[in-house]
Amino acid sequence: MTIFLFAFIRSLRRKSTLVAMFVLPLAIVFIRTLWTLENGRGFLFYGMIIMFAAFSLVRSIMIDRMTGTVVRIFAAPVATFQYLFQNLLAFWLIIGVQTIVFVVIGSALYGWGIEMAVRLILSYNIFAVASLAFSLAWNSMFRSKVMSDAIFSIIISLMALLGGIFIPISMLPDFLRKIGMLFPTYWLSNSLLFIQDKEWNGQYWLSILIMFLFSAAFLLYGSKRRLE
Amino acid sequence: MTRNLFWVSFFHYLRRLSRGYLGILIFVALPLVIVWVLSFVYSQNTEEQIYVFGYNMISTNISIGMMLIFQLSGGIYLLNYLNHDLIKPMKWRLKASPCATYTLVFSGTAACLVFTVLQGILIVVGTSLLQDAYWGNVWIVIFVIVLVSIISQFLNITLFLYIRNVNTAEYISWFLSWAMAVLGGLIFTLPDNAFFSFMKQYGTPFSLAQSAIRESGFLGTSSTNMLVCIAALLGIAGILAVLVIKLGRRKLI
């Protein structure tokens with residue numbers, strides 16, 4: 001697990017990642033109005049933070065590819081699977097730890113209860129996998145960082161718009177909701193609806209399953225393309 | 001001689017700006033789409049009267065906010081040009097040219113200013129034609145767009161000179177404009193107390209610009225209020241200008 005270890009250290013050394021991972025969530029978790037059960041925006045804003053964090057973490061795989069580092073890595077006895085798996089695992093671990101810290105602080109402040117906390121951790125973690133996989137697939141389509149960033153900022157706005165970040169998904173008209181279903185953010189919102197409505201059990205597990213399938217699809221696409 | 005050089009580089013910056021389609025997509029098409037979707041959704045879900053004097057109040061509210069968010073981030077163009085021309089790949093080549101660095105920076109800033117103001121006007125025209133948004137007094141709106149654009153350029157230069165890393169500066173620039181929008185009450189309803197109501201009206205460049213535009217038409221109550229907001233925006237631009245000149249002398253030339 002040498003690659004895992006170094007990917008982990010390298011990610012923690014970047015200042016922008018640290019800000020996205022620790023400063024932002026801590027800043028929003030103390031804004032009380034975001035976390036009332038009727039409003040519930042905070043839960044979705046946190047989802048967007050995970051998405052950004054995942055994108056900025058996966059950036060290092062893209063940098064490896066662009067600078068030719070990956071060719072040198074493959075000169076050593078390292079398979080593509082090992083390289084990708086260990087890198088993504090390191091990224092996921094960072095987001096996972098942060099999610100747990102965040103949910104623990106949230107539970108202490110707002111009394112979320114054990115069942116809700118576990119469900120939140122589960123959906124955020126699956127969403128983190130989906131975001132990492134999405135970012136990997138996204139970056140594999142581009143050769144330049146600037147282009148990838150610029151178009152990503154458009155796509156993420158649309159994702160936020162149709163994934164219930166600005167407006168609850170229940171308010172979206174039918175055709176916009178159908179477009180929204182193409183993005184993992186929609187399913188994160190859908191899975192978080194159980195917070196307001198306790199009868200949402202079936203939908204919760206369905207959303208988790210769909211996010212999982214999204215992750216598999218993105219991972220397949222993102223890793224299929226040769227890395228060099 | 002300097003004047004000629006200024007116009008040559010101004011013209012070329014403008015050409016360079018007009019060639020990228022991505023910028024237009026992000027700074028004009030995206031806000032128009034967001035305004036369209038949000039006002040469509042909110043109009044479906046409201047019981048209140050939407051149209052006042054033939055203008056759609058929901059899209060007015062969203063359009064003003066969106067235009068300002070994207071105007072405040074407009075300086076990102078300049079950020080990338082400064083990075084490319086004066087720090088990273090082109091640094092020694094451009095320093096070898098007979099054009100002084102300050103002429104380049106001035107012309108780049110001026111070109112970006114003209115371009116972002118045009119973008120802002122495009123959003124105003126687009127939303128008022130397609131969404132029936134109300135923009136108050138046209139001249140005041142254009143003046144406010146120019147001021148916000150100037151503030152955005154200066155803010156981005158300051159960020160860039162302090163941070164020296166274009167990616168981080170860009171993230172912070174976006175974050176600042178969204179944070180200002182949050183404090184302006186655009187994203188979600190803020191708690192009703194003295195601090196937040198001050199921030200919503202006068203606390204940030206975003207809210208000052210928003211108040212100025214609202215006060216210039218029938219949405220507002222007093223033109224004195226509008227003048228105060230515009231004066232405050234001018235003041236902020238002035239302070240930033242002094243800061244940029246000081247920083248630029250120290251760190252850029």
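Reader: Which hand does the crossing of α7(B) and α8(B) have?

Author: A crossing is left-handed if the near helix is turned anticlockwise from the far one by less than a right angle, and right-handed if clockwise. In this predicted model, the crossing of α7(B) and α8(B) is right-handed. Helices here are DSSP runs (H or I, at least four residues; strands are E, at least two), numbered from the N terminus.

Reader: How is such a packed pair described, and at what angle do the axes of α7(B) and α8(B) cross?

Author: Two packed helices are described by the angle between their axes and the distance between the axes. Axes are lines fitted to C-alpha atoms, for helices over the stretch in contact, with angles from 0 to 180 degrees between N-to-C directions. For α7(B) and α8(B), the axes come within 9 Å and cross at roughly 140 degrees. That makes α7(B) oblique to α8(B); angles under 35 degrees count as roughly parallel, over 145 as roughly antiparallel, 65 to 115 as roughly perpendicular and the rest as oblique.

Reader: Which residues of α7(B) and α8(B) meet?

Author: Contact requires C-beta atoms, placed from the backbone, within 7 Å. B:N156, B:L159, B:F160 and B:I163 of α7(B) meet B:T168, B:A169, B:I172 and B:S173 of α8(B). By class, this contact has 5 nonpolar, 3 polar and no charged residues. Ala, Val, Leu, Ile, Met, Phe, Trp, Tyr, Cys and Pro count as nonpolar, Asp, Glu, Lys and Arg as charged, and the others, Gly among them, as polar.

Reader: How do α4(B) and α7(B) cross?

Author: The axes of α4(B) (residues 76-87) and α7(B) (residues 138-163) come within 8 Å and cross at roughly 40 degrees. These two helices are therefore oblique to each other, and their crossing is right-handed. B:I76, B:L78, B:L79 and B:L82 of α4(B) make the contact with B:Q153, B:N156, B:I157 and B:F160 of α7(B).

Reader: How many residues of chain B are in contact with chain A?

Author: There are 15 residues of chain B in contact with 14 residues of chain A. On the chain B side, the largest share, 9 residues, comes from α2(B). That side divides into 11 nonpolar, 4 polar and no charged residues.

Reader: What conventions apply to the numbering and the confidence limits?

Author: Residues are numbered from 1 along each chain as its sequence is written, and chains are lettered from A and ligands numbered from 1 in the order in which they are written. In this predicted model, local features need pLDDT of at least 70 and side-chain atom pairs count only at pLDDT 80 or more, while totals for chains, interfaces and linings use all residues.

Key
Two residues are in contact if their C-beta atoms, placed from the backbone, lie within 7 Å.
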